[in-house]
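Notebook open, structure loaded. I'm jotting down what I look up as I go.

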Amino acid sequence: MLPNVVTLLRELIATPSMSSPLPAFDQSNLDVINKLAQWCESLGFRCEIMHIAHNKANLIATLGTGKGGLILSGHTDTVPYDAKKWSFDPFQLTEFEGKFYGLGTSDMKGFFALALMAAQQFVGKPLKRPLILLATCDEETTMAGAQALVDARKPHANRALIGEPTGLKPVRLHKGMMMEGIKIIGKSGHSSDPALGHNALEAMHQVIGMLLNWRQELQQKHQHTGFIVPVPTLNFGHIHGGDNPNRICGECELHLDMRPLPTMKLKELREQLHFKVEQLLKETPFKCEFSELFSGIEAMETSKYADIVKITEKLTGYEAQSVAFGTEAPYLQQLGCETIILGAGDIEQAHQPDEFLALNRIQPMIDILTRLIAHYCLEEIHV
Ligand SMILES: [Zn+2]
């Protein structure tokens with residue numbers, strides 16, 4: 001038997017598991033993984049802890065056997081927090097005015113508490129297909145946990161739900177995202193004589209012009225009405241070049257962010273970007289260097305006709321929609337899972353001070369998960 005849902009939530013929130021690209025803020029997630037494994041084992045799940053790095057791991061916990069089945073998936077890490085901006089202790093679950101406050105309540109350690117409560121109801125029942133609870137590491141940074149699952153080709157199931165905060169509405173679409181730096185290297189020299197150097201700022205001007213045309217081409221070619229912004233985007237977010245008005249600018253660097261649609265693949269997009277810049281600077285004295293500021297998350301789309309879309313629409317009363325954030329869904333899709341994103345929290349609270357989960361979302365989410373597990377793991381249909 002498990003402790004009650006509030007105890008589960010409290011213990012998860014009290015176990016820090018922040019991940020960050022900055023080593024000073026990056027923490028292990030092993031305590032959360034061990035806690036989850038312990039709870040899952042008490043329910044009869046078979047647990048596999050998959051070590052990713054010396055202090056990071058995924059958990060694959062399986063109840064029942066057979067082919068098909070359902071994965072309930074979440075990430076165990078949270079983003080770091082700004083203590084000054086919190087009115088509550090981020091690591092102490094605090095109930096106030098109908099809300100549970102704490103870091104990770106909504107994004108998304110809280111999901112595991114609700115998933116376990118739903119799973120508990122199937123202990124001892126004759127499952128026809130397995131129920132898998134999946135907990136990953138480093139979703140907020142490198143997606144190393146999800147990537148390791150794809151590399152290992154596991155777990156095996158054909159349906160998955162990711163409990164990211166979607167306000168109890170099913171989500172079947174999100175864009176991809178990548179960030180790239182482009183550095184142009186020219187030659188500095190005294191401003192009085194242009195022949196003394198090669199102005200990298202002027203070359204960057206050409207590059208930006210070319211990229212604006214490319215963006216227009218991409219937006220004409222790719223459109224998807226399922227998104228609020230129905231075209232792929234390319235944003236120039238940062239530029240730095242040169243040092244003095246009286247010196248020819250020797251180096252200029254641009255940082256950009258691209259958000260492709262599900263029909264576009266990051267690898268091809270990145271290759272195209274490099275090719276276009278290199279072509280433009282070919283036969284000029286300028287050199288360019290690219291840096292992968294963020295290697296990226298692929299876009300995701302699950303067909304609106306997919307069974308998991310249909311059933312979650314029925315269970316929630318909402319048509320499946322799109323969101324403006326990335327998830328591990330593309331990885332689960334690579335593992336062959338029809339994937340839906342559906343969770344009890346709200347994305348507005350994620351990555352914010354005073355993150356909370358409303359109490360009145362808890363039971364409805366447990367009910368949705370319970371009916372989903374019954375549908376995919378217990379009933380005769382949908383092998
Ligand atoms: Zn999240």
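**Zinc site**

What is the site of the zinc ion like, judged by the angles among its four donor atoms? I get irregular, with angles of 52 to 140°. For reference, ideal angles at a metal are 109.5 degrees for four tetrahedral donors, and 90 or 180 degrees for six octahedral ones.

Before going on, a note on the source: this is a predicted model, where local features need pLDDT of at least 70, side-chain atom pairs count only at pLDDT 80 or more, and totals for chains, interfaces and linings use all residues. Residues are numbered from 1 along each chain as its sequence is written, and side-chain values use heavy atoms, with hydrogens and water left out.

I listed the protein donors next: His75 (NE2), Asp107 (OD), Glu164 (OE) and Glu164 (OE), at 1.9 to 2.7 Å from the zinc ion. Donors here are N, O and S atoms within 2.8 Å of the metal (3.2 Å for Na, K and Ca); water is not among the atoms, so sites may look incomplete. The spacing of the donor residues in sequence reads H-x31-D-x56-E. Asp107 sits in the loop between β5 (99-101) and α3 (109-120), and Glu164 in the loop between β7 (159-162) and β8 (171-174), so I have a pair 57 residues apart that links distant parts of the chain. Helices (H or I, at least four residues) and strands (E, at least two) are DSSP runs, numbered from the N terminus. Asp107 is buried at 4% relative accessibility, and Glu164 is buried with a relative accessible area of 4%. My classes are buried under 20% relative accessible area, exposed over 50%, and partly exposed in between (1.4 Å probe, protein chains only).

**Helix α3**

I checked the length of α3: its twelve residues should span 16 Å at 1.5 Å a residue, and the end C-alpha atoms are 17 Å apart, which agrees. The expected span is 1.5 Å times one less than the number of residues. Twelve of the twelve residues of α3 are buried, among them Phe111, Phe112 and Met117. Their cover includes α1 (5-13), α2 (30-42), β3, β6, β7 and α9 (362-378), with contact meaning heavy atoms within 4.5 Å.

**Strand β6**

Then I turned to β6 (residues 131-136), where six of six residues are buried. Leu131, Leu133 and Ala135 point one way, while Ile132, Leu134 and Thr136 point the other. Strand β2 (residues 56-63) runs antiparallel to β6 and is joined to it by five bridges; Leu63 stands opposite Leu131. Strand β3 (residues 70-75) runs parallel to β6, with six bridges, and Ser73 stands opposite Leu134. Pairing requires at least two DSSP bridges between two strands.

**Salt bridges**

How many salt bridges does a search of the whole structure find? I count 15, each a side-chain nitrogen of Lys or Arg within 4 Å of a carboxyl oxygen of Asp or Glu. One of them joins Asp26 and Lys56 (3.0 Å, N to O). Asp26 is in the loop between α1 and α2 and Lys56 in strand β2, so this pair ties together parts 30 residues apart in sequence. Asp26 is partly exposed at 27%, whereas Lys56 is buried at 4%.

Methods:
Tetrahedral: all angles 85-135°; square planar, octahedral: opposite > 155°, others 65-115°.
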